[in-house]
Amino acid sequence: MVNKRLIISSLLSLVFLLTSFVSSAQVSVESGKQLFKANCAQCHNRNMKDNLTGPALGGVSERWSGREELLYSWIRNSQAVVASGDPYAVDMYNTWNKVLMNPFPNLTDDEIGSILAYVEAVYTGTEGGPVAAGDAVAVVEQPKTNYTLIYGVLALLLALIALILARIVGNLDHMHKVAAGDTEAARPSIRQILTSKSVIAFVIFAVIVLGGYTTVNSAISWGRQQNYQPEQPIKFSHVTHAGVHKIDCQYCHDGARRSKHSIIPAANTCMNCHRAIKKGSTYGTAELTKIFASVGYDPTTDSYIENYDKMATEDIEAIYKKWISDSYIADKELASLDAKGEKAVKDQWNNLVSALTSEHDPKIGGPIEWNRIHNLPDHVYFNHAQHVTVGKLDCQQCHGKVEEMPVVKQYATLSMGWCINCHRETEVKFKDNDYYKSYEKYHQELASGKRDKVTVEDIGGTECQKCHY
Ligand code: HEC
Ligand code: HEC
Ligand code: HEC
Ligand code: HEC
Ligand code: HEC
Ligand code: HEC
């Protein structure tokens with residue numbers, strides 16, 4: 001009898017375990033979009049229809065249909081697939097002049113599935129809506145269902161079934177004993193069932209599984225945030241600007257000293273210098289022309305274009321293609337625009353368009369859409385001025401050596417523990433700071449030698465409401 005209960009209870013646990021894991025599959029067009037932007041967009045056109053450094057990805061699932069596994073391997077390591085001698089892969093690699101595609105060994109199946117779903121959604125114009133079944137999509141977007149509710153109801157249902165089964169087993173047990181001549185035997189009450197060892201064991205087990213699952217899940221998402229390093233629409237390098245040319249962080253991020261946000265500089269700030277520096281030593285016209293096209297500056301005539309926001313794309317294209325091709329000639333890199341030169345200009349223009357436009361805003365011009373890296377949840381209050389101006393902290397204490405990062409990455413975890421640890425350890429710069437005048441008690445204690453330092457914690461830096469709205 002006891003064995004039966006054990007079996008039922010373990011079966012239920014198994015079902016429970018399985019459902020928790022099924023719910024963790026996360027393939028979505030939205031996350032595919034972020035992943036594509038961060039990893040693929042610098043080489044694959046965002047419209048999925050035109051070529052860029054790499055081929056247009058639209059329809060790719062169909063081209064690899066029946067060989068999905070190989071497609072996933074290709075994305076993780078294209079060279080391995082070429083090396084395996086697969087004719088399609090070898091042929092494509094040769095057609096693309098043996099340009100290497102980056103390997104992405106860390107992308108999970110779900111992440112690749114999301115990217116492919118996004119590719120097809122843009123290609124078929126169904127992005128935003130659900131992807132229709134039957135479309136050539138390797139993995140279809142999951143409809144936005146309230147899984148918490150479904151699993152809650154399911155869990156309740158299972159608990160009910162478990163109770164009923166336990167009751168039946170109890171009754172059978174009772175009948176068995178009566179049949180055996182034990183007239184004293186009592187039927188187990190609901191209460192007895194609920195407090196029986198196997199039920200309690202199951203509840204504890206379920207709590208542990210659920211707790212473990214959420215902990216692991218959030219640990220993973222923390223891990224993803226730290227070191228987050230998306231590609232940006234313009235190859236802006238902090239090494240060049242803050243490192244080599246020693247431009248002060250606050251020249252560009254002038255919000256840090258006076259407001260909550262540090263603020264990413266507008267393209268006009270870039271123009272302070274790049275009106276004069278029109279061609280870079282690394283990328284030539286390729287990257288800086290993006291700044292000009294975003295603000296409507298014509299580098300050929302050194303003037304801002306009138307009514308730029310109303311201008312047709314073809315006219316904009318003519319202006320910047322002229323600038324790009326003229327610079328090539330001036331460079332004598334390509335004495336005349338032969339077929340190869342023409343392709344280079346076209347590639348640069350396509351690259352520019354893909355960096356400055358999105359499916360939602362196909363217009364060139366307007367603010368550059370930098371990919372945001374640091375992002376605290378909405379319920380947390382963080383203020384730069386408080387830390388930079390009042391606390392007199394260096395940017396690097398929280399952001400690492402940004403001046404050595406060609407592409408910025410998130411240096412700290414931005415977890416609650418990170419904030420609080422620093423508040424516990426950091427001494428407030430109490431002397432010569434008017435901001436702290438009101439803390440008379442601490443000033444007296446410092447003067448009398450009763451205390452040797454005041455930490456951020458001492459002035460209330462670990463109180464919940466200081467950081468939470
Ligand atoms: C550095 C440029 C570059 C990056 C970044 C890049 N690719 Fe590629 N990709 C290429 C090139 C070039 C090819 C053509 C084959 C070759 O030369 O290796 C290609 C080919 C492909 C193909 C095969 C296309 C077909 O028609 O069969 C797929 C699929 C693909 N890339 C997916 C991706 C995904 C997904 C990402 C982002 C996770 C990505 N690529 C990032 C350059 C890149
Ligand atoms: C010439 C202007 C300029 C200077 C100087 C500059 N930055 Fe930046 N910074 C930018 C731009 C543009 C971005 C957005 C693109 C990017 O992430 O690379 C940015 C992004 C950042 C980010 C990431 C923002 C996010 O999305 O979360 C941090 C952090 C940062 N800068 C810190 C610094 C620090 C620290 C210094 C000084 C060592 C510095 N910056 C100097 C222009 C500048
Ligand atoms: C205070 C002056 C200054 C400001 C402001 C400035 N830059 Fe620069 N930038 C430079 C200098 C100097 C170089 C190095 C030029 C070279 O030798 O290639 C440079 C180089 C670059 C390059 C590399 C070009 C290449 O091909 O090597 C890019 C891209 C760039 N800047 C983008 C930006 C962006 C975007 C902004 C605005 C967020 C910006 N810059 C603001 C001074 C500035
Ligand atoms: C005490 C730690 C700390 C210091 C010091 C600090 N930052 Fe930040 N910074 C953060 C945090 C936390 C965020 C994320 C804010 C958010 O998501 O609201 C951030 C975000 C940013 C961003 C993204 C835009 C924004 O404001 O959300 C930029 C740019 C930035 N910091 C630049 C700087 C610069 C430049 C300095 C130095 C002048 C600096 N930071 C000093 C912690 C710090
Ligand atoms: C590198 C150390 C450091 C880190 C990391 C840090 N802080 Fe601070 N924080 C300080 C210092 C120093 C002060 C003191 C400035 C002052 O007197 O207000 C301060 C003050 C504050 C205050 C004002 C406290 C008060 O009593 O007035 C708030 C709110 C705050 N921090 C929030 C945050 C949040 C949120 C984070 C994490 C996202 C964070 N801090 C991370 C060093 C840090
Ligand atoms: C110094 C700033 C600071 C203080 C003080 C602080 N928190 Fe937080 N808290 C944070 C930050 C930052 C996060 C976001 C962490 C993340 O996104 O991983 C957070 C997240 C949370 C969360 C959400 C959990 C999560 O993982 O997102 C809860 C709940 C919370 N805090 C409660 C509290 C309580 C209760 C207190 C008082 C005992 C407190 N906090 C004090 C900075 C602070």
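**Figure 1. Lys-278 and its salt bridge with Asp-302 in the predicted model.** Lys-278 is buried, with a relative accessible area of 18%; buried means under 20% relative accessible area, exposed over 50%, and partly exposed in between (1.4 Å probe, protein chains only). Accessible areas come from the Shrake-Rupley method with a 1.4 Å probe, and for residues only the protein chains shown count as cover. The side chain of Lys-278 meets that of Asp-302 in a salt bridge, with an N to O distance of 2.9 Å. Lys-278 belongs to the loop between α13 and α14, and Asp-302 to the loop between β1 (297-298) and β2 (303-304), so the pair ties together parts that are 24 residues apart in sequence. Asp-302 is partly exposed, at 42% relative accessible area. A salt bridge is a side-chain nitrogen of Lys or Arg within 4 Å of a carboxyl oxygen of Asp or Glu, and the structure holds 14 of them. Helices (H or I, at least four residues) and strands (E, at least two) are DSSP runs, numbered from the N terminus.

**Figure 2. His-274 in helix α13.** Helix α13 spans residues 267-274 and includes His-274, which is buried at 11% relative accessible area. A polar atom of the His-274 side chain lies 3.1 Å from the backbone oxygen of Ile-277. Leaving aside neighbours within four places in sequence, His-274 is in contact (heavy atoms within 4.5 Å) with His-241, Leu-288, Ile-291 and Phe-292.

**Figure 3. The enclosed helix α14.** Seven of the eight residues of α14 (residues 288-295) are buried, so this helix is largely enclosed by the rest of the structure. The buried residues are Leu-288, Thr-289, Lys-290, Ile-291, Phe-292, Ala-293 and Ser-294. Gly-296 follows α14 and has a positive phi, near 80°.

Figure 4. An α-helix has 3.6 residues a turn, so residues three or four places apart point the same way. Asp-347 is partly exposed at 26% relative accessibility, and Lys-343 is likewise partly exposed, at 46%. Asp-458 is partly exposed, with a relative accessible area of 29%. Lys-441, Glu-445, Arg-451 and Asp-458 are linked in a network of salt bridges.

**Figure 5. A nonpolar surface patch that includes Ile-168.** Leu-160, Ile-161, Ile-164, Leu-165, Ile-168, Leu-172 and Met-175 make a nonpolar surface patch of about 620 Å². Patches are made of residues with over 30% relative accessible area and no salt bridge; like charges are joined within 9 Å, and nonpolar side chains (Val, Leu, Ile, Met, Phe, Trp, Tyr) within 5 Å. Ile-168 is found in helix α8 (residues 147-179) and is partly exposed, at 42% relative accessible area.

**Figure 6. Segments with pLDDT under 50.** pLDDT, the predictor's confidence in each residue from 0 to 100, has a chain mean of 82, and 84% of the residues reach 70 or more. The value stays under 50 over residues 17-24, for which the model has eleven contacts beyond four places in sequence. It also stays under 50 over residues 129-145, for which the model has 28 such contacts. Where pLDDT is low, the predicted coordinates should not be read in detail.

**Notes.** Residues are numbered from 1 along each chain as its sequence is written, while chains are lettered from A and ligands numbered from 1 in the order in which they are written. In this predicted model, local features need pLDDT of at least 70, side-chain atom pairs count only at pLDDT 80 or more, and totals for chains, interfaces and linings use all residues; side-chain values use heavy atoms, with hydrogens and water left out.

Notes
A polar contact is a pair of N or O atoms within 3.5 Å; within protein, one must be able to donate a hydrogen and the other to accept it, and residues adjacent in sequence count only if both atoms are side-chain atoms.
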